[in-house]
Amino acid sequence: MILIKNVYVNGKRQDILIEDNIIKKIGEIKKEEEMEIIDGTKKIAIPGLINTHTHIPMTLFRGVADDLPLMEWLNNHIWKMEAKLNEEIVYWGTLLGCVEMIKTGTTTFNDMYFFLEGIAKAVDESGMRAVLAYGMIDLFDEEKREKEIKNAEKYINYIKDLNNRRITPALGPHAPYTCSKELLLEVNKLAKKYKIPIHIHMNETLDEIKMIKEKFGKEPFLYLNEFGFFDGVDVIAAHCVHLSEEEIKIIKEKNISVSHNPISNLKLASGIAPIPKLLNEGINTTLGTDGCGSNNNLNLFEEIKCSAILHKGTTLDPTIVKAEEAFNFATKNGAKALNVKAGDIREGYLADLVLINVNKPQLRPISNIKSHLVYSFNGCVDDVIIDGKIVMREGDIITLDEEEIYEKAEEMYAILSA
C-alpha cells in the first residue's frame with residue numbers, strides 16, 4: 001500500500017491511499033507500518049495525463065526534416081528512415097519516449113506503429129500504461145492487404161498473451177488514403193471480434209481530403225460511413241483538422257472520439273481543427289502529441305496550453321475552450337476514449353497519479369493552481385505513480401536506466417541516419 005499524506009487534491013489538503021492498483025480511499029487516513037509513505041505537504045496531485053495519439057519510437061526522428069509539408073516530410077524523409085527500422089531500434093526509441101512522457105506527467109498513451117514486440121517490451125519495463133496498434137498500410141494492393149491483416153491479428157494476440165493489465169491492443173489502419181475499403185472492412189470485423197478500439201488518422205490535410213474526394217466522390221468520413229466502418233466499434237480519430245458539417249454529424253452520431261493534435265498540425269501547416277464546433281456537439285475531444293518527428297516532443301502540458309489558447313485566437317472569443325476543458329481533454333476525455341478507469345482522482349479509480357511540487361515560480365500563487373497547470377506550467381513533474389506502482393520519485397525514474405537509454409538512442413539514430 002502507498003499512502004500520500006497531506007497532498008493538495010481536488011481542491012483541498014487530503015490523504016490518498018493506494019491499494020494494489022486502485023485508489024482505495026481519499027480523506028484523512030491513519031498511517032500503518034506496512035504502508036509506503038509519500039509526504040505530499042509541498043505537492044499537488046493530478047490525474048496522470050493520457051496521450052491519445054502517438055508514434056512513440058519516432059523520438060529517434062526528432063529534428064529530422066523540420067519545416068516541410070506533410071506529404072514531402074513523409075515521402076522524402078520519414079518513410080525512407082522507417083525502412084531501416086527493426087525491433088531493437090524501436091525498443092530503444094520507445095524507451096526514450098517513455099522517459100520523456102513520465103517526466104512530463106503522462107501515464108497512458110495510445111500508439112500506432114511497427115515492430116510492436118519492441119514497443120511492448122519497453123512499455124512493460126517502463127511501468128507505463130499503453131494501448132498499442134500495428135500501423136496498417138496496404139496502398140490498395142491485395143497481396144499487401146492480406147499480409148497487413150495477418151500482422152494485425154498476430155499482434156493483437158501477442159499483446160493479449162502478454163497478460164499485462166497495463167498493455168492492451170487496438171487496430172491501427174493508417175488512413176483512408178493509404179488503406180483500401182477491403183482492409184478497412186476487415187478492421188471493423190476484427191475490432192468487433194476482439195472487442196478492441198480502432199485508431200486511425202482522419203482529415204489531417206486538405207491534400208488527403210482532395211485525394212479521397214477524387215477517388216471516391218465524397219469526403220473521408222462520409223466515404224467510411226457509407227460502408228459501415230464506424231458501426232459497432234469504438235474509434236479514436238486523430239487530427240480531424242478539416243471537417244464538413246456532415247462529417248461532424250457522423251462523428252457525433254457514431255460516438256467517435258477525436259484526438260486533437262494542435263502543435264503537430266501547426267508545425268506541419270496542416271491547419272487548425274474546429275474544436276469549438278466539436279465541443280458544441282458534445283463530441284469527446286482528447287489530446288495527442290503525434291510523433292516527435294512532427295511535434296517535436298511528447299509533453300502533453302504544451303498541448304493543453306495550446307488547445308486552450310489557440311481557439312481563443314481563431315474565434316476572437318476568450319471564453320472558448322476554458323482551462324478546465326483543456327485539462328479534461330488530456331485526462332477524463334482521454335480515459336473515456338480509451339475505456340480506462342482513469343483520468344480522475346476518485347476512489348475506485350486506477351492509481352495513475354502525478355505529484356507536482358508547488359515550490360516552482362510558475363505555480364505561485366497557489367490559490368490559482370488550476371489556471372497555472374494549463375497556462376504556465378512547463379510539465380516538469382516530480383513523482384509518478386502508474387497502476388499503483390511508483391515509477392518516478394522526486395524526478396528520478398525508478399524503472400529505467402536513463403543514461404543507458406540516452407546512449408543507445410544516439411546509436412540507433414546513427415543507424416537510421418546513415
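Colleague: Is glycine 232 buried or exposed?
Modeller: Glycine 232 is exposed, because its relative accessible area is 69% and exposed means over 50%. This is a predicted model, so that value is computed from predicted coordinates.

Colleague: Where does glycine 232 lie?
Modeller: Glycine 232 lies in the loop between helix H7 (220–226) and strand E11 (235–239).

Colleague: How many residues apart in sequence are glycine 232 and phenylalanine 115, and how far apart in space?
Modeller: They are 117 residues apart in sequence. In space the distance is 28 Å, C-alpha to C-alpha.

Colleague: Which residues is arginine 62 in contact with?
Modeller: Leaving aside neighbours within four places in sequence, arginine 62 is in contact with Leu96, Glu100, Cys292, Asn296 and Asn297. Arginine 62 itself is found in the loop between strand E6 (49–54) and helix H1 (70–82).

Colleague: Why is arginine 62 called partly exposed?
Modeller: Its relative accessible area is 33%. Buried means under 20% and exposed over 50%, so a value in between is partly exposed.

Colleague: You listed Asn296 there. What kind of peptide bond joins asparagine 295 and asparagine 296?
Modeller: That bond is cis, with omega about 25°. Asparagine 296 lies in the loop between strand E13 (285–287) and helix H11 (300–315).

Colleague: What about the bond from arginine 364 to proline 365?
Modeller: The peptide bond from arginine 364 to proline 365 is cis, and omega is near 0°. Proline 365 sits in the loop between strand E14 (353–357) and helix H14 (369–375).

Colleague: Staying with the backbone, what is phi of leucine 316?
Modeller: Phi of leucine 316 is near 60°, which is a positive value in a residue other than glycine. Leucine 316 lies in the loop between H11 and helix H12 (323–329), and is exposed, with a relative accessible area of 77%.

Colleague: And what is phi of asparagine 10?
Modeller: Asparagine 10 has a positive phi of about 50°, although it is not a glycine. The loop that holds asparagine 10 is between strand E1 (2–9) and strand E2 (12–19).

Colleague: What does arginine 145 touch?
Modeller: Not counting residues up to four places away in sequence, arginine 145 touches Asp138, Phe140, Ser180, Glu182 and Leu183. Arginine 145 and cysteine 179 are 8.4 Å apart, C-alpha to C-alpha, and 34 residues apart in sequence.

Colleague: And lysine 249, buried or exposed?
Modeller: Lysine 249 is exposed, with a relative accessible area of 53%. Its place is in helix H8 (residues 245–253).

Colleague: How many positive and negative side chains does the protein chain have?
Modeller: The protein chain has 50 positive and 64 negative side chains. The centres of the two sets lie 5 Å apart.

Colleague: Let's move to the core. Which residues touch the most other members of the largest nonpolar core?
Modeller: Leu171, Phe221 and Ile356 do, in a core of 113 residues. The largest share of this core, ten residues, comes from helix H2 (residues 87–103). A second, separate core has 17 residues, among them Ile4 and Ile345.

Colleague: Last thing, the whole chain. How many helices and strands are there?
Modeller: The protein chain has 15 helices and 17 strands. Of its 418 residues, 61% count as buried.

Definitions and conventions
Residues numbered from 1 in each chain as written. Predicted model: local features only at pLDDT ≥ 70, side-chain atom pairs only at ≥ 80, totals over all residues. Heavy atoms only, no water. Helix = DSSP H or I, 4+ residues; strand = E, 2+ residues; numbered from the N terminus. Buried < 20%, exposed > 50% of the residue type's maximum accessible area, 1.4 Å probe, protein only. Lys, Arg positive; Asp, Glu negative; His and termini not counted. Charge placed at Lys NZ, Arg CZ, Asp CG, Glu CD. Core = buried A, V, L, I, M, F, W, Y, C linked by side-chain atoms within 4.5 Å. Contact = heavy atoms within 4.5 Å.
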